[in-house]
Amino acid sequence: MNKLEEEYEKIHPKIYAFFYAKTANRETAQDLCHDTFYEACKNITSFNGHSTLSTWIFAIANNILKKYYRKNKYQQSLIQKLATIPEADIHSIEELAEIHEDMRRLLHHISKLDDDARELVLLRIYGELSFMEIGELLGKSETYTRVTFHRLKLRIQKEMELSI
């Protein structure tokens, strides 16, 4: 198995979760994942090693997502997308309601962030990228992304506590 195949096995679930969080559509997330890895395979010779392979692939994913948004003039808010997320294996109605409400509140608070802050939070939560990788993608230092994420997390927690 070559390095790209190994990276695919490791990063595919993260890329899928990233796209799913952004689009709230399984088929779209799968298509965008496919497009991302197709572009990565097609352009692997342009990978210069200045970043990790997963960071490079996430940069491709980000560009594919931007193309998707431009093409489809995507304007749904995160709250509207949440309504279309299919329910997982939930054991009771109460549990479903609690999970749904918690996710809704979290995504609502994330949606109120400015674009850069929202991108940082989504890359960290759904992309499961390291602070160094996020910094490379956003053109910021690892320290900046770490401190900014921590501050955003505290701000969101505080806002969620106040909105109870």
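In this predicted model, helix 6 (residues 115-125) and helix 8 (residues 142-162) bring their axes within 10 Å of each other and cross at roughly 95°. That puts helix 6 roughly perpendicular to helix 8, a label covering angles of 65 to 115 degrees. Axes here are lines fitted to C-alpha atoms over the stretch in contact, with angles running from 0 to 180 degrees between N-to-C directions; helices are DSSP runs (H or I, at least four residues) numbered from the N terminus. Local features need pLDDT of at least 70, and side-chain atom pairs count only at pLDDT 80 or more. Residues are numbered from 1 along each chain.

As for who touches whom (heavy atoms within 4.5 Å), Ala 117, Leu 120, Val 121 and Arg 124 of helix 6 meet Thr 145, Thr 148, Phe 149 and Leu 152 of helix 8. The tally for this contact is 5 nonpolar, 2 polar and 1 charged.

Helix 7 (residues 131-138) is the other partner considered here: helix 6 packs against helix 7 at about 140°, the axes 10 Å apart. On the helix 6 side, Glu 119, Leu 120, Leu 123 and Arg 124 meet Phe 131, Ile 134, Leu 137 and Leu 138 of helix 7. This contact splits into 6 nonpolar, no polar and 2 charged residues.

Conventions
Side-chain values use heavy atoms; hydrogens and water are left out. Helices (H or I, at least four residues) and strands (E, at least two) are DSSP runs, numbered from the N terminus. Angles under 35 degrees count as roughly parallel, over 145 as roughly antiparallel, 65 to 115 as roughly perpendicular and the rest as oblique. Ala, Val, Leu, Ile, Met, Phe, Trp, Tyr, Cys and Pro count as nonpolar, Asp, Glu, Lys and Arg as charged, and the others, Gly among them, as polar.
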